[in-house]
Amino acid sequence: MNVKERIAKRAAKELTPYSIINLGIGIPTLVPDYLDESKYYLHIENGLLGVTSVEEDEIDPLLVNAGKLPVGEAAGASYFHSADSFAMIRGGHVDVAILGALQVDERGLVANWAIPGKDIIGVGGAMDLLSGAKKIIITMSHVSKDGSPKFVERCTYPITATRVADVIITDLAVFQWKHDGYECIELMGNATLNEVKEKTTASFRVSEELLQMEGS
């Protein structure tokens with residue numbers, strides 16, 4: 001199992017059966033591999049509730065998710081206009097949004113749509129999802145390709161929304177927003193607390209349970 005798959009598998013543990021879930025581009029698209037899809041309702045902002053995986057020989061080139069990847073339709077799936085899809089998001093009818101990020105800061109703010117001076121796809125539905133979904137889970141590598149931290153004191157890239165991300169899952173650790181700050185509740189793989197601290201510029205607390213585990 002590679003790093004991205006480990007992150008996606010851990011994100012799946014955060015989900016409650018029969019909830020409506022929107023998956024962003026990248027690592028979030030791997031989450032369904034670790035779900036019983038009959039017990040979750042996957043939503044895409046281009047207008048489908050009841051997304052499922054699809055076999056290669058059954059791919060419909062016109063049926064794709066927001067990241068242009070082929071998807072299938074579950075039994076009982078519903079199609080609707082993208083305006084209705086965004087009304088669902090903005091109206092608070094999406095239970096969980098799992099999104100990637102370029103940066104998250106210690107205030108819980110997410111930057112995931114633009115790098116100044118670089119040409120990338122754009123914001124898509126991220127602003128709406130961050131504002132409208134009931135729970136926000138961020139899945140990302142802990143550092144960027146050049147080794148710089150992505151969990152930072154303050155975002156240096158344009159923020160996507162002022163909504164706080166509830167959970168951050170990286171290849172090194174899991175952080176949960178508690179009492180106006182993040183708490184590290186779990187280490188991923190063979191990571192150590194010292195490694196997490198060295199590769200993070202954001203301030204965070206460490207849960208009592210994790211401290212006890214590290215001390216034992």
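A: β2 (41-44) and β3 (48-52) each give two or more residues to the lining of the second largest pocket. Helices (H or I, at least four residues) and strands (E, at least two) are DSSP runs, numbered from the N terminus. A pocket is an open set of points on a 1 Å grid over the protein atoms alone, where a 1.4 Å probe fits, with protein on both sides within 12 Å along at least five of seven lines; lining residues have an atom within 4 Å of a point.

Q: How much space lies in the second largest pocket?
A: About 320 Å³, where a volume is the space filled by probe spheres set on the points, joined across faces, edges and corners. Its lining has 17 residues, with T29, S53, N65, P70 and V71 closest to the centre.

Q: What about the largest pocket's volume?
A: The largest pocket holds about 1,200 Å³. Of its 42 lining residues, I25, G100, A101, L102 and N112 are the closest to the centre.

Q: Which elements supply two or more residues to that lining?
A: They are α1 (3-12), β1 (20-23) and α3 (126-132). The most come from α1, with three residues.

Q: On what is this based?
A: The model is predicted: local features need pLDDT of at least 70, side-chain atom pairs count only at pLDDT 80 or more, and totals for chains, interfaces and linings use all residues. Residues are numbered from 1 along each chain as its sequence is written, and side-chain values use heavy atoms, without hydrogens and water.
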